[in-house]
2 protein chains.
Amino acid sequence: MSSLDEFALIRRLTEGKQSAAFQQASGVDKGIGDDAAVAYLAPGCQLVMTCDTMTESIHFQPNTMRDSDVGYKAMAAAISDIGAMGAIPRYALVALSIPQETPLHKLEAIYQGLYECANRWSVVIVGGDTTSCIGGLTLTVTVIGEVSEGQALLRSSAKTGDVLFATGELGCSAAGLDYLLQQALPFEQWPNIDKDSAEARLIAAHCRPEPQIEIGQLLQQSKVCGALNDVSDGLASEAWEIAQASGVGIDLIEDRIPIADELMAYAEKAEKDPLHYILYGGEDYKLIGTMQAEHAIEMQIKFREAGHSLYIIGYVNAEDSGVRLVQSSGYVVPIEKKGYNHFRKD
Amino acid sequence: MSSLDEFALIRRLTEGKQSAAFQQASGVDKGIGDDAAVAYLAPGCQLVMTCDTMTESIHFQPNTMRDSDVGYKAMAAAISDIGAMGAIPRYALVALSIPQETPLHKLEAIYQGLYECANRWSVVIVGGDTTSCIGGLTLTVTVIGEVSEGQALLRSSAKTGDVLFATGELGCSAAGLDYLLQQALPFEQWPNIDKDSAEARLIAAHCRPEPQIEIGQLLQQSKVCGALNDVSDGLASEAWEIAQASGVGIDLIEDRIPIADELMAYAEKAEKDPLHYILYGGEDYKLIGTMQAEHAIEMQIKFREAGHSLYIIGYVNAEDSGVRLVQSSGYVVPIEKKGYNHFRKD
């Protein structure tokens, strides 16, 4: 890699990955190759902006993610934040800092993953910055999207009497990470496990999460959705964010929380409580949110018709009671506000 | 710092730094504290997007920049890219990755610098991501701006017969870096040098560069400006970028290139050629660009009236001759396309 200069490197990593026709159709006037990118926003839309960083040894290791997964997941995480506003992701900027001795094929794999994810959700990569660094690789993806004026779905919109929903099964990503950490094999040595096995599905949940953009749209257009969050830090943390931002209490009903078959199978084998992964795992990138109770059934039907799932897993109450779990036994227990914390020592 | 959780840390670093009134007046609907930020773009405007990364030991060291300078300069560099499109910077996202043992006062100083720069150019910090990392601190600033539809000033717009201009004296930042590297003192031990000394002015040029947003605007509104670049990698590299993107040759006239008094004084003392800093230094964040020759004098008058400088330092020719220097002696010599390169070993 040291023989390539910076511009040649950027060209090698980005050229031809997204066609000029696609970029033009996506409203890009000037993409990679100038001081800044220039693009259009649809009339009547507001800007939606987010960024997400993944760092080596903290967010990923050679035994928990392949290089292409690192790119894919960084892009997916930022796209998911746009979806969690009920917005449409449009443009992305990629800032990659790499140790100077990084082999070119590693960079190419990261970019392959970045583009694979971006292309899947029709996001144009319009710029970025590629720098060297000491220490671990750092990847920051910024995504810019749009939402009809005043229609963004905020955390602060939960209301007493609303139900709490989840748009998919949670905890699989954390269980996948657990599995990979226990194998402790660099990815080149991952076993060729059966694609349909529970483990393979858990690994996919961890390495190739799917931002639910279409579902975010469905919720935004329904006009009955209140608060919305994507599950990046576990159900407990996300429910707490909604509760605090909205000034309400949230009760989760244990019996209503869906558990994926693969998570159940893995938890049984590992002799762990699947609920632990669901509450405190994270990086699932499914959505949780609130909606008026009277629209829940109608929305569940709409979701089923669109090929999606909508699980009603709790309700919003007026009390300042934080987040609680109504257990199968009938006991109501408080749920800690915790997920992965970068700056707290446990 | 380890006693603060992530949300408490973000609050501590960002809360109260930009008033709600300022944010609202700037079109921010939802700032820090949700999955993504939501804001307005002026009607008839296009989006302009860029990001810039600074990494420890590569872009800065404890003896070349204070913590607050790191924040200030990362913001300034990204804002400058927006200015170099003739656009107005509006919103910023800050991604900061820090070694886990970083003291809180260091983070506070970085954020103080980030906000100082953002406030000066009326940019609202609307979001970001704060993560831990192994190895050096990494700071990525994304800036999103706006420009009237179709009015962005691109690198590719230089035309034969245009003159090449610079909007300020170059090379001071590189000379400042040289001076600081030779002192090799951690910033706590920097001497209290006279604020008006040549050294102090060079240090300021390196640590507190000023993006020329007003000047970019003046050029964009003039309608006589062709190509435009900000000088982040030295005059040689920036002139080459314009030459290649526009398919023209550029000749720099040595006698016309302005040299700041402080650069001249420093270069004499250090027995170096000031032109070396100008051509191959960078991080000055002045603008260079092209305009139709017949408008040069009228624009110089406009610039003087607005309190700015416009130096005509070369011309654009039709030949595929790359970038050349017309020396004081009359000789014409080719200029290498080089600046700081992250991925090349010299």
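Is A:Arg208 buried, partly exposed or exposed, and what is its relative accessible area? In this predicted model, A:Arg208 has a relative accessible area of 21% and is therefore partly exposed, since a residue counts as buried only under 20% and as exposed only over 50%.

The side chain of A:Arg208 meets that of A:Asp69 in a salt bridge, with a distance of 2.8 Å from N to O. Because A:Arg208 lies in the loop between helix 6 (198-207) and helix 7 (213-222) of chain A, while A:Asp69 belongs to helix 3 (residues 67-83) of chain A, the pair ties together parts that are 139 residues apart in sequence. A:Asp69 itself counts as buried, with a relative accessibility of 0%.

A:Arg208 also forms a salt bridge with A:Glu116, and here the closest N and O atoms are 3.0 Å apart. Since A:Glu116 sits in helix 4 (residues 104-120) of chain A and A:Arg208 in the loop between helix 6 and helix 7, this pair ties together parts that are 92 residues apart in sequence. A:Glu116 is partly exposed, with a relative accessible area of 37%.

B:Arg208 lies in the loop between helix 6 (198-207) and helix 7 (213-222) of chain B, and B:Asp69 in helix 3 (residues 67-83) of chain B, so the pair ties together parts that are 139 residues apart in sequence. B:Arg208 is partly exposed, at a relative accessible area of 21%, whereas B:Asp69 is buried, at 0%. Over all chains, a search of the whole structure finds 30 salt bridges, and one network of salt bridges links A:Asp34, A:Asp35, B:Arg155 and B:Glu241.

We now turn to the strands of chain A. Strand 6 (residues 138-148) of chain A is mostly covered, for 10 of its 11 residues are buried. Strand 6 pairs with strand 3 (residues 45-55) of chain A in the antiparallel sense over 11 bridges, and within this pairing A:Thr50 has A:Val143 of strand 6 as its bridge partner. Strand 6 also pairs with strand 4 (residues 88-99) of chain A, in the antiparallel sense over nine bridges, and A:Ala95 stands opposite A:Thr140 in strand 6. In a regular strand the side chains alternate between the two faces of the sheet.

Further along chain A, an open sheet of seven strands runs in the order 8-10-7-11-9-12-13, with mixed pairing. Strand 8 (225-230) and strand 13 (332-334) of chain A stand at the edges of this sheet, each with a single partner strand, so one side of each is left without a neighbour in the sheet. Direction ignored, neighbouring strands of this sheet are turned by 25° against each other on average.

Notes:
Residues are numbered from 1 along each chain as its sequence is written. Chains are lettered from A and ligands numbered from 1 in the order in which they are written. This is a predicted model: local features need pLDDT of at least 70, side-chain atom pairs count only at pLDDT 80 or more; totals for chains, interfaces and linings use all residues. Side-chain values use heavy atoms; hydrogens and water are left out. Buried means under 20% relative accessible area, exposed over 50%, partly exposed in between (1.4 Å probe, protein chains only). Helices (H or I, at least four residues) and strands (E, at least two) are DSSP runs, numbered from the N terminus. Two strands pair if DSSP finds at least two bridges between them. Axes are lines fitted to C-alpha atoms, for helices over the stretch in contact, and angles run from 0 to 180 degrees between N-to-C directions. A salt bridge is a side-chain nitrogen of Lys or Arg within 4 Å of a carboxyl oxygen of Asp or Glu.
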